Amino acid sequence: TPAAAGLVILVDLAPGSASVALVFNRRLVAVACLPLVGVDLSQAAGRETCAVELKTLISLRLATLFSHGLTLPPAALVVAGHPVDDYLLADFHRFFSMPGTTPAVNTGFLRDHLRLDPVRLRRFLVPLGLTANSLAQ
């Protein structure tokens, strides 16, 4: 992404939790796990709860990074996992200074028949959730 050179927030949603990674200049600088047990992301109230909790968690991580000298505001919010849709991204945008986006897959080295189905390609992204959950414990 164009913002890859700045501070990027990666969020991976899974049933019952969200994994968060903060990446600065393509290097992992912080991870976190947000429990979302009982939060229904298909409903407006659940999406708002998730956005508020996520904003709080990220603000705390940013405060820690600030005390270590990293003072840049986030440049991008990338949201993956299930369920990520336009409603969720719009609700997140109400609480974050930048709009949320979904991961982009570079299909430059893939065969033509694979390029035609970018949704299927997202299933093969390395699961951020496994990494952040294990590091955060």
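This is a predicted model: local features need pLDDT of at least 70, side-chain atom pairs count only at pLDDT 80 or more; totals for chains, interfaces and linings use all residues.
I started with the largest nonpolar core: of its 26 residues, Val 11, Leu 13, Val 20, Leu 54, Leu 77, Val 79 and Phe 92 touch the most other members. For me a nonpolar core is a set of buried Ala, Val, Leu, Ile, Met, Phe, Trp, Tyr and Cys residues joined through side-chain atoms within 4.5 Å. Buried is under 20% relative accessible area, exposed over 50%, partly exposed in between (1.4 Å probe, protein chains only).

Helix 1 gives the most, with six. I took helices (H or I, at least four residues) and strands (E, at least two) as DSSP runs, numbered from the N terminus.

Residues are numbered from 1 along each chain as its sequence is written, and side-chain values use heavy atoms, with hydrogens and water left out.

Then the strands. I found strand 1 and strand 2 antiparallel, joined by eight bridges; strands pair if DSSP finds at least two bridges between them. Leu 7 has Phe 24 of strand 2 as its bridge partner, and Phe 24 in turn is the partner of Arg 27 in strand 3. Strand 2 and strand 3 also run antiparallel, with eight bridges. Both hairpins have two residues between the strands: Gly 16 takes a positive phi near 90° in the one of strands 1 and 2, and Asn 25 has a positive phi of about 50° in the turn between strands 2 and 3. Seven of the eight residues of strand 2 are buried, so this strand is largely enclosed by the rest of the structure.

On to helix 1. I looked up its buried residues, among them Cys 50, Leu 54 and Leu 65. The buried residues of helix 1 pack against strand 1, strand 2, strand 3 and helix 2, contact being heavy atoms within 4.5 Å. Just past the helix, Gly 69 takes a positive phi of about 100°.

Last, Leu 77. Leaving out residues up to four places away in sequence, I see it touching Ile 9, Val 11, Phe 92, Phe 96, Met 98, Pro 99, Gly 100 and Thr 101. Phe 92 and Phe 96 are both buried.
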